[in-house]
Amino acid sequence: MFLSLIFANTFEDRCYFAVIFPMTGHKNYMYKSWWKILAVVLLVYTFTAGILIEVPRNPQLQETIRNLFFHVCMWFGMMILFIISVVHAIKYLRTGKHIHDIASRQYAGVGILFGLLGYITGAIWMSYTWIDSNKSFYDSFDSIAREPKLIGAAIALLVYAAYLVLRDSITDMDKKARISAVYNIFAFAMLFPSIWIIPRLLPSLHPGGSEGNPALNFKDASMNMRLVFYPAIAGWTLIGVWIATLKIRFKLLNE
Amino acid sequence: MNSTKHIYNLIKKDLLLEIRQQYSFYGILLYIIATIFVLYMTIREPEPKVWNGLFWVIQLFICINAVAKSFLQETRGRMLYFYSIVNPKDFMLAKLAFNSFLMLLMSFLSIILFSLFLGNPVQKAPQFIGLVLLGGWSLSLVFTFLSAIAAKAQQNAAIMAILGFPIIIPQLMLLMNLANTVFTDKTGIAASTLLLIVMLDILVIMLAVILFPFLWKD
């Protein structure tokens with residue numbers, strides 16, 4: 001099914017290419033298919049190898065350690081998509097080309113989707129590892145929500161949700177593009193230092209802080225896992241980019 | 001030389017406006033007094049931690065109220081006039097300077113009122129005052145720029161809160177963490193965190209100066 005989707009895409013590409021080429025001036029990455037095939041291959045690999053490989057037995061994590069290939073990749077994907085979004089915002093301000101505004105908006109939207117998926121996979125993971133088994137999920141939520149990584153992610157999602165609200169509140173198209181690009185850049189520049197700062201300020205259960213819990217410091221534990229983890233990041237990110245480019249092309253055709 | 005003169009004149013103009021239309025100044029003053037009085041009615045002598053939390057949240061709301069109008073008050077015609085006579089960088093710097101001054105004044109007043117009504121758990125007063133002034137300055141810088149965005153979007157102050165809260169959380173957390181140390185004699189203020197806040201402020205000023213020209217042309 002995936003393969004047929006790809007070929008349908010390339011066929012569509014040929015058709016749309018004739019329409020869009022005069023607008024953008026060059027055949028850019030959006031209309032190429034090799035990276036889409038790569039995304040599918042990497043994800044098929046992630047899903048099969050991620051389930052099958054030998055993983056280290058950690059008394060606390062057990063088989064949930066496989067969630068690394070899904071949960072952590074969502075955050076990587078979110079960050080990369082937000083970075084692409086801000087790059088397009090800068091490009092819009094420099095060139096004033098409308099396509100960059102559309103791209104900036106769509107990448108931010110897919111970034112938010114990845115963030116939400118990251119929260120969901122994280123919630124499933126933590127319900128097996130962090131939650132006090134004597135308390136309900138609801139009762140232990142307030143102690144978990146204090147996690148610095150969660151605060152950072154929540155700020156990121158709130159910022160981009162505010163970005164969407166700001167966009168929708170302006171009716172004039174040029175003005176909307178300009179003002180939201182300015183906010184996008186400003187928010188991004190304020191957001192990313194703080195994502196690196198906050199985890200170093202507060203104590204955390206979450207691995208990957210200033211001094212991760214040695215019991216949870218599994219990233220370095222197994223060469224096996226890295227063999228799946230890095231391709232998984234690339235695969236998830238590429239699929240995010242693919243979704244965003246489909247939305248961008250849909251928007252371009254709409255207008 | 002020319003640009004410093006422009007900035008000076010623009011600050012003077014804002015100051016003159018503030019003196020002529022005193023209702024807004026007294027409005028903020030009344031806002032501070034009323035909020036702190038309400039807090040006084042509900043909790044008499046809060047613990048240091050609660051005191052600190054309340055203080056910074058009140059600072060945040062004072063800042064939104066004091067700074068929001070800086071761009072919202074400028075009418076379309078007046079903006080067009082400024083557009084034709086001054087450089088956007090000078091305009092932004094003048095606004096930042098004026099709002100910083102306003103917010104420093106308000107922060108100082110709110111410390112006095114807070115310690116008057118809600119008790120004074122602060123052990124190291126000079127450090128705390130310095131920290132509050134730094135905090136007020138940081139808040140005013142971020143919200144001045146957001147006020148420019150909100151004004152261009154032709155929105156009320158509500159959108160400023162939506163845009164600003166997520167962005168200001170990290171700085172507010174840094175400030176609260178630092179401020180928590182002034183309630184005991186033991187620990188000193190971490191210089192590295194202080195430096196970090198100052199660096200963030202400089203970052204905000206630079207971003208505001210770089211990005212404002214894009215906002216302002218219509």
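The model is predicted: local features need pLDDT of at least 70, side-chain atom pairs count only at pLDDT 80 or more, and totals for chains, interfaces and linings use all residues. Residues are numbered from 1 along each chain as its sequence is written, chains are lettered from A in the order in which they are written, and side-chain values use heavy atoms, without hydrogens and water.

**Chain A.** Chain A has 8 helices and 0 strands. Helices are DSSP runs of H or I with at least four residues; strands are runs of E with at least two. Of its 255 residues, 49% are buried. Buried means under 20% relative accessible area, exposed over 50%, and partly exposed in between (1.4 Å probe, protein chains only).

**D90(B).** D90(B) sits in helix α5 (residues 88-117) of chain B. Its relative accessible area is 5%, so D90(B) is buried. D90(B) touches S3(B), among other residues; contact means heavy atoms within 4.5 Å. The C-alpha atoms of D90(B) and S3(B) are 6.4 Å apart.

**Aromatic pairs.** The whole structure holds 23 aromatic pairs over all chains. Rings of Phe, Tyr and Trp (its six-membered ring) pair if their centres lie within 6.5 Å; planes under 30 degrees apart are stacked, over 60 edge-to-face, the rest tilted. Two pairs follow.

| Pair | Centres | Planes | Type |
|---|---|---|---|
| F70(A) and W236(A) | 6.3 Å | 70° | edge-to-face |
| F61(B) and F165(B) | 5.9 Å | 80° | edge-to-face |

F70(A) is buried at 15%, and W236(A) is buried at 13%. F61(B) is partly exposed at 36%, as is F165(B) at 27%.

Key:
Lists of a residue's contacts leave out its neighbours within four places in sequence.
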